[in-house]
Amino acid sequence: MPEAAAVSASQTAIDFAYLVTGVCFILGLRYMSHPKTARVGNYISMAGMTIALIATGFMLDFSGWWIGLIGLGAGAAVGIYSARAVKMTAMPQMVALFNGAGGGAAALVSTAEFLKLNPGIDPIPVDQGITIVLSSIIGAISFFGSIIAFLKLQELMTGRPITYPGQQFVNAIIAIAAVVCAGLVIANVAPVPAYFVAIVAASLLGVLFVLPIGGADMPVIISLLNSFTGLAAALTGFVLGNNVLIISGALVGASGTLLTLMMGKAMNRSITNVLFGAFGAVKEGAGGAAAGVTGGPIREATVDDVATMLAYAKQVVVVPGYGMAVAQAQHSVRELADQLEKHGVEVKYAIHPVAGRMPGHMNVLLAEANVPYPALYDMDDINPEFPRTDVALIIGANDVTNPAARNVTSSPIYGMPILDVDKSHNVIVLKRSMKPGFAGIDNPLYELPNTAMLFGDAKASIDKLVGAVKAL
């Protein structure tokens, strides 16, 4: 009896620790919604995960504690190395990999629990069968889909949509096969072969599901796969009877779904269009026409020309993009803004909801350079400012400034909300070359009479501008 009471007290303590973990995760998400408090949100979330790991450790058999320590040490080593070594420009790829790892873990844990039930000999309870099969299928889709997303973002395979005739039909057949096999497992009809056929079908579906997604839509897909991983983790929590997995999985699933919907809205596209529209699959020879580029003259500016234009402006709006992230030019941008403000220039920053390949990418980079958060403006707030802006300084933001989205119905991005930089008195575009942006389409902005190009590495160009403005 005293032993039973001790076990009950231990379980109560673990459940309480899991409750504290859930509260930490919720508070962490809340604080991470604003750049000023994001660091605190990370610390709170880390504390919650630490509590969860310690509490879970007490649930392990004493004989297997060393296995848990090895896993914990390996995971910590990978996490610490990744956090320190991975550049901000590779953050979407890292998110895809970590997300895939979560989905794969959920599928593996559910498979282990499935085999523990002695399937094919002992009947599997319906409730357990449903949660195990769903967790495994969704986890497998998330894992293999995330791997394809990583390969596309890392440019280890083409970022363009990969399509073939009858693609949706093939995907539908594979999805039906997975569902039928899942039903057989739940009904205890040849559960072992049916289970593994369902896993293979789900894995194949994860690959084929992401192949037709263009690189420009990959952030949306990563967010959607993230919600899949959360759902798989929550279902695994039901399989194991683990409350913290249920709570954290539900949080990830819900936040991932909301972010996916918000990103789709920011691009004025439905999730269905993202999944089945093969965005970026521009036909050969039609890329320029679709975007509205006519092969008109491109005006190139010098550093001194641009510096003079900036120093004598009343208002300058900086539009950061992936080019700034690649060049790690955020500190140079802040230094340029400081010099312009000494000349009495008002400097603002225009942030598109999906600039930089991931939501919040530009905000984080600029916050790292101590850019005042009130100087950062969302698209809806900054667009009315452009008609009275003397200079819009674009640093690698190609697709989110493309006016073809407004007035060229044949453009792949037609209807996507953009930053109205073309309405500024002057537009300066910092680019390495005339190569199209992430969406793979040309930008007619570069041919407008009020636009000038400053070619070169973004950081080097801005550093030169800082020196030129100082000399005025």
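Modeller: Helices here are DSSP runs of H or I with at least four residues, strands are runs of E with at least two, and both are numbered from the N terminus. This is a predicted model, where local features need pLDDT of at least 70, side-chain atom pairs count only at pLDDT 80 or more, and totals for chains, interfaces and linings use all residues. Residues are numbered from 1 along each chain as its sequence is written, and side-chain values use heavy atoms, with hydrogens and water left out.

Biologist: How many helices and strands does the protein have?

Modeller: There are 18 helices and 6 strands. Of its 472 residues, 47% count as buried; buried means under 20% relative accessible area, exposed over 50%, partly exposed in between (1.4 Å probe, protein chains only).

Biologist: Which residues of α6 are buried?

Modeller: Q167, N171, I174, A178, C181, A182 and V185. They sit on the same side of α6, because they cover an arc of only 105° around the axis; that arc uses the directions from the helix axis to the C-beta atoms. The face turned away from that buried side carries exposed F169, I176 and V179.

Biologist: What do the buried residues of α6 pack against?

Modeller: Their partners are α4 (91-116), α5 (126-153) and α7 (191-210); contact means heavy atoms within 4.5 Å. After α6 comes N188, with a positive phi near 60°.

Biologist: Now strand β4: which strands pair with it?

Modeller: Pairing takes at least two DSSP bridges between two strands. β1 (residues 315-320) pairs with β4 in the parallel sense over 5 bridges, with V318 opposite L393. β5 (residues 426-431) also runs parallel to β4, joined by 5 bridges, and A392 stands opposite V427.

Biologist: Why is β4 called largely enclosed?

Modeller: Because 5 of the 5 residues of β4 (residues 391-395) are buried. V391, L393 and I395 cover one side, A392 and I394 the other.

Biologist: Which residues touch the most other members of the largest nonpolar core?

Modeller: Such a core is a set of buried Ala, Val, Leu, Ile, Met, Phe, Trp, Tyr and Cys residues joined through side-chain atoms within 4.5 Å. Of 42 residues here, L336, Y349 and I395 touch the most other members. Helix α18 (residues 458-471) gives the most to this core, with 6 residues. Apart from it lies another core of 35 residues, including A178 and I199.
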